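Here is a short briefing for a first look at the structure. Keep the sequence and the 3D view open as you read.

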Amino acid sequence: MAAFLCQVLYFAVKTLKDSGHEHVYNAVEKPLQLAQTAAVLEILHGLIGLVRSPITATLPQIGSRLYVTWGILWSFPQTQTHILVSSLVISWSITEIIRYSFFGLKEAIGFTPSWLLWLRYSTFLLLYPTGITSEVGLIYIALPYIKGSELYSIRMPNKWNFSFDYFYSALLVLGLYVPGMYSRHSSLKFQSFYFLPICLLISNPLYSLINCR
């Protein structure tokens, strides 16, 4: 998956440089959709115990990315040419390349290099804010198109006697970003500023690299 995301990052940066941000989405649409959709497997792996990542942390992150990928970018093409798409794709790609490389090496050879450990627990200080800002910004930009098109909305009367407004659900998602962002960022800061120094300074470096996550 890390190698696949390297291609996404390469095409995004190359297109941004050669053609401008307006064409980034078209250059990475299919691999981006595949990568973000395949991440659903992480939830399944957590449920059956293949990985130690808690579902409470994995589910909101993957859910929000799926929502932006399919519920915003794919559903409302008007958002696809915005510059925030570039920062979104670059932030997501770098984050996941580091994360998948970290856990992949750990599973394959039993430990990870100290530089990769440092990247795993420090790059979020930049990439998390840029990624979240891009996600929130794209949802906000999509709001007028959501309201105007009434896509995915269900109006009464109907045989189910049920109504649903996608516009207000998007507003709800934006509201949920605030507590979710604070909780996730606090958790990452704790891991970065507490576990990372311990991992790097412990007397037995091989033991620390094997056991620190």
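Contact here means heavy atoms within 4.5 Å. This is a predicted model: local features need pLDDT of at least 70, side-chain atom pairs count only at pLDDT 80 or more, and totals for chains, interfaces and linings use all residues. Residues are numbered from 1 along each chain as its sequence is written, and side-chain values use heavy atoms, with hydrogens and water left out.

**Nonpolar cores**

- A nonpolar core is a set of buried Ala, Val, Leu, Ile, Met, Phe, Trp, Tyr and Cys residues joined through side-chain atoms within 4.5 Å.
- Buried means under 20% relative accessible area, exposed means over 50%, and partly exposed lies in between (1.4 Å probe, protein chains only).
- The largest nonpolar core has 29 residues, and Val68, Leu138, Ile139 and Ile146 touch the most other members.
- Two or more residues of this core come from each of α1, α2 (24–38), α4 (55–74), α5, α7 and α8.
- The top contributor is α7, with eight residues.
- Leu138 touches Val68, Ile72, Leu73, Thr79, His82, Leu84, Val85 and Leu88, leaving out residues up to four places away in sequence.
- Another core, of five residues, lies apart from it; Ile98, Phe102, Leu116 and Tyr121 are among them.
- In soluble globular proteins, nonpolar side chains tend to be buried together.

- Helices (H or I, at least four residues) and strands (E, at least two) are DSSP runs, numbered from the N terminus.
- Helix α5 (residues 84–109) has 26 residues and spans 37 Å from its first C-alpha to its last, close to the expected 38 Å.
- That expected span is 1.5 Å times one less than the number of residues.
- Leu9 sits in helix α1 and is buried, at 19% relative accessible area.
- Leu9 and Ile90 are 81 residues apart along the chain, yet 6.0 Å separates their C-alpha atoms.
- Beyond its neighbours within four places in sequence, Leu9 contacts Ile90, Ser93, Ile94 and Ile97.
- Thr15 also belongs to α1 (residues 2–18) and is buried, with a relative accessible area of 14%.
- Not counting residues up to four places away, Thr15 touches Gly20, His23, Val24 and Ala27.

**Salt bridges**

- A salt bridge is a side-chain nitrogen of Lys or Arg within 4 Å of a carboxyl oxygen of Asp or Glu.
- The structure has six of these.
- Arg99 pairs with Glu42 at 2.8 Å, N to O.
- This pair links distant parts of the chain, with Arg99 in α5 and Glu42 in α3 (residues 40–48), 57 residues apart.
- Both partners are buried: Arg99 has 14% relative accessible area and Glu42 has 16%.
- Glu150 bridges to Arg155, with the closest N and O atoms 3.3 Å apart.
- Glu150 is partly exposed at 40%, and Arg155 is partly exposed at 40%.
- Arg155 also meets Asp165 in a salt bridge (3.2 Å, N to O).
- Arg155 and Asp165 both lie in the loop between α7 and α8, so the pair ties together parts ten residues apart in sequence.
- Shared partners join Glu42, Arg65, Glu96 and Arg99 into one network of salt bridges.
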